[in-house]
Amino acid sequence: MRLALLLCLVLGTAAAAGAGAPVESECTGCHTSRRVEPQSRFPTGLGRWNDSQCYGCHAELNEVAALSAKGVRDRRYFAVPVRDEKLARMATSPLAYMNAPESLEPVEGGVPRVSWTRLADFLKRPASLSPSQGSRAPRMMAYPALNARELKAVARLLGVKPPARPEASVRLSDVERRQAEALWMARCVTCHGGPSPVSGRSDVALGLYTAEWLQAYASGKASSPRGARTMPVVPLSPQEAGLLHRLFGEKRIEAERELDARVSRLKLEDSAARGPVPPTLVSYLWGPFFRDATCVHCHATSPRAIAAFTADAEGLKAYLRRKSGTEFWRRLESRALEAEHGLVAAQPGMPMAGVELPRELRSLIARWVLEGCKDPQGQSWCQR
């Protein structure tokens with residue numbers, strides 16, 4: 001997990017970021033058949049992957065690690081920029097993105113799975129589809145500035161089609177809301193409710209799917225792209241599925257408001273650790289932090305991410321001057337709230353698509369900001 005997109009850069013070139021728009025090219029790297037097609041190959045046979053080909057890069061590294069654990073070291077082993085001890089860990093703890101389905105939609109003629117209307121909501125503010133490393137922080141990249149042209153390009157790439165007729169309004173009447181809540185409590189909440197849903201998918205996450213697919217899948221008449229099914233058959237009529245689909249849309253709106261309200265109430269002083277910042281932490285923040293916190297996965301490889309923040313000491317100085325220390329801390333703290341809610345905030349937390357930082361580290365960073373964001377030489381780079 002710590003290698004992620006950094007290794008893709010080492011194995012390839014950031015210049016080959018894909019032919020389409022940034023959002024579309026990043027989707028290509030995980031959710032199309034082209035995800036396993038490297039740009040080219042080194043003489044050793046190891047693929048040359050670009051920064052958007054997360055799945056293919058990780059899949060090959062995991063394969064080399066698994067072979068190495070069995071004592072098989074093919075030519076690619078000698079070109080992998082990974083220490084042997086890390087390679088050994090990867091054999092039992094593979095790098096991320098391996099659960100990303102290649103295809104999101106069924107074959108031609110199947111029940112439409114992803115809702116055209118809800119796709120934009122999900123891409124702007126992803127919801128957690130399954131816990132990873134003990135965290136509910138959504139592992140999808142967020143695209144809060146997604147526009148209509150980009151949405152159409154992504155939908156076309158993924159095979160998501162507009163509905164034959166406009167979907168029903170999200171807003172439920174009082175009577176419909178009570179009916180939908182009763183259905184949720186009777187048939188869904190056991191596996192999909194609570195702070196840690198057994199299924200991994202909450203009511204907000206389920207809102208991504210069409211009413212038709214919810215009805216077909218629950219009734220055992222459709223399968224997911226990942227094949228394996230653990231959900232029992234739960235009969236739903238088309239009318240009941242429609243009510244639940246609309247309920248899930250309302251639940252997303254409510255969850256977004258609740259999360260954003262919590263983010264707005266974050267206070268630096270309340271989160272800061274007591275006492276002065278240890279010198280070792282200061283040195284850490286200006287060096288190893290960028291890799292340990294997984295900043296380099298995007299902010300040292302993706303031109304889009306680098307434009308916002310460059311994951312090195314000079315990039316941190318520029319960010320603190322342009323934004324503020326409080327803003328730096330708030331993005332890290334927001335990620336912890338996103339993990340609680342299983343939903344991305346209006347202004348995404350960091351590390352995006354990664355696990356939230358430990359509470360102890362976040363509190364020390366808050367104290368570091370209160371003390372002026374000092375570098376190892378004692379110079380301050382922020383006024384809060």
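**Cysteines, helices and cores**

Modeller: C57 has 0% relative accessibility, so C57 counts as buried (buried is under 20% relative accessible area, exposed over 50%, partly exposed in between, with a 1.4 Å probe and protein chains only). This is a predicted model, where local features need pLDDT of at least 70, side-chain atom pairs count only at pLDDT 80 or more, and totals for chains, interfaces and linings use all residues. Residues are numbered from 1 along each chain as its sequence is written, and side-chain values use heavy atoms, with hydrogens and water left out.

Biologist: How many disulfides does the structure hold?

Modeller: One, counting pairs of cysteine sulfur atoms within 2.5 Å. C373 is joined to C382, with S to S at 2.0 Å. The torsion about that S-S bond is about 80°, so the disulfide is right-handed. Both C373 and C382 are buried.

Biologist: Switching to helices. At what angle do α7 and α10 cross?

Modeller: Roughly 95°, with the axes of α7 (residues 174–192) and α10 (residues 238–264) coming within 9 Å. The two are therefore roughly perpendicular, the word for 65 to 115 degrees; under 35 is roughly parallel, over 145 roughly antiparallel, and the rest oblique. Helices here are DSSP runs of H or I with at least four residues, numbered from the N terminus. Axes are lines fitted to C-alpha atoms over the stretch in contact, with angles from 0 to 180 degrees between N-to-C directions.

Biologist: Which residues make the contact?

Modeller: Among them are L183, W184 and R187 of α7 and L244, F248 and K251 of α10, contact being heavy atoms within 4.5 Å. By class, the contact has eight nonpolar, one polar and nine charged residues.

Biologist: And α2, how many of its residues are buried?

Modeller: Eight of the 10 in α2 (residues 22–31), including V23, C27 and C30. Their cover includes α3 (54–69), α6 (148–158) and α15 (303–306).

Biologist: How many residues has the largest nonpolar core?

Modeller: 79, and F289, L320, F328, I365 and W368 have the most contacts inside that core. A core is a set of buried Ala, Val, Leu, Ile, Met, Phe, Trp, Tyr and Cys residues joined through side-chain atoms within 4.5 Å. α10 gives the most, seven residues.

Note on methods:
Ala, Val, Leu, Ile, Met, Phe, Trp, Tyr, Cys and Pro count as nonpolar, Asp, Glu, Lys and Arg as charged, and the others, Gly among them, as polar.
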